[in-house]
Amino acid sequence: MHPQEKKRLAAEAALEFVEEGMLLGIGTGSTVNEFIAALKERNIRLEGAVSSSRATSKLLAGAGIPELELNCAGDLPLYVDGADEATRHGTLIKGGGAALTREKIVAAASKRFVCIIDDSKLVEVLGAYPLPIEVIPMARSYVARQLVALGGQPVWRDGVVTDNGNVILDVHHLRLTDPVAFETAADQIAGVVTVGLFARRGADFLIVAGDGGVRRLPP
Ligand code: 5RP
């Protein structure tokens, strides 16, 4: 099955968590784009959605879903987002689309986080996918040196500026056997805005689409 078809299947399966009139948090990326398309096609009426990026805000407007500011919304019952890598326990690497900071905020403000992925992203140990870290521009070189000291090889995602006006370092050659410890250590480097490791607040449910259909973890 084509990866995009798997993304579509995972996105459709996430609809079982959605109720009419709900206020949703919505992430960013090609899998989430399928989720927004499915909401539109099924004509599911929501109170509105809190968006994690400008790209998602555009799609929400196109789908006729009202967008709310997180500051006006309070805690959200449900957040739906994709990931770049995931363990079966819901620990994630995110930020391939450079939206990790707002994604982490919306995930933190949500009671339930449902992560939708295709099965190529399910791993035993995180780190084969380079870990995105959003950094204040003037701190880029300093943060990179600190990340080398933590055992990684940071590469500046040249030309990319986040929705918050910051830069991204993608950290290669990590084997994240203790993701909570790494998230905590990297978070403490001055100049780091957000670490794209979602270990302290991971997903509550993973929806994984593969050739054999869709699985939910935990069931
Ligand atoms: C964006 C993200 C995305 O969720 C992640 O990159 C997955 O994207 P896609 O669904 O396109 O594979 O974290 O910052």
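Arg 8, Glu 12, Glu 34, Glu 41 and Arg 42 are linked in a network of salt bridges. A salt bridge here is a side-chain nitrogen of Lys or Arg within 4 Å of a carboxyl oxygen of Asp or Glu. The structure is a predicted model, in which local features need pLDDT of at least 70 and side-chain atom pairs count only at pLDDT 80 or more, while totals for chains, interfaces and linings use all residues. Residues are numbered from 1 along each chain as its sequence is written, and side-chain values use heavy atoms, with hydrogens and water left out.

**Salt bridges**

Side chains of opposite charge can pair when their charged atoms come close. A search of the whole structure finds 14 salt bridges.

| Pair | Closest N and O atoms |
|---|---|
| Lys 104 and Glu 183 | 2.6 Å |
| Asp 187 and Arg 200 | 2.5 Å |

Arg 8 and Glu 12 are four residues apart in helix 1, and so are separated by about one helical turn. Helices (H or I, at least four residues) and strands (E, at least two) are DSSP runs, numbered from the N terminus. Arg 8 is buried, with a relative accessible area of 17%, whereas Glu 12 is partly exposed at 26%. In these terms, buried means under 20% relative accessible area, exposed means over 50%, and partly exposed lies in between (1.4 Å probe, protein chains only).

Lys 104 pairs with Glu 183. Lys 104 belongs to helix 5 (residues 100–108) and Glu 183 to helix 7 (residues 179–187), so the pair ties together parts that are 79 residues apart in sequence. Both are buried: Lys 104 has a relative accessible area of 18%, and Glu 183 has 2%.

Asp 187 forms its salt bridge with Arg 200. Asp 187 lies in helix 7 and Arg 200 in the loop between strand 11 (197–198) and strand 12, 13 residues apart. Asp 187 is partly exposed at 26%, and Arg 200 is partly exposed at 48%.

**Nonpolar cores**

In soluble globular proteins, nonpolar side chains tend to be buried together. A nonpolar core is a set of buried Ala, Val, Leu, Ile, Met, Phe, Trp, Tyr and Cys residues joined through side-chain atoms within 4.5 Å. The largest core has 28 residues, and those with the most contacts inside it are Leu 24, Ile 26, Phe 35, Leu 39, Val 114 and Ile 116. The largest share of this core, five residues, comes from helix 2. A second, separate core of 21 residues includes Leu 131, Leu 147, Leu 169 and Val 171.

Leaving aside neighbours within four places in sequence, Ile 26 is in contact (heavy atoms within 4.5 Å) with residues including Phe 35, Leu 39, Thr 56 and Leu 60.

**Helix 3**

In helix 3 (residues 54–62), the residues Thr 56, Ser 57 and Leu 60 are buried. Seen down the helix axis, the buried residues fall within an arc of 105°, so they line one face of helix 3; the arc is that of the directions from the helix axis to the C-beta atoms. Arg 54, Lys 58, Ala 61 and Gly 62 are exposed on the other side. The buried residues of helix 3 pack against strand 1 (23–26), helix 2 (30–41) and strand 2 (48–51). Just after helix 3, Gly 64 takes a positive phi of about 75°.
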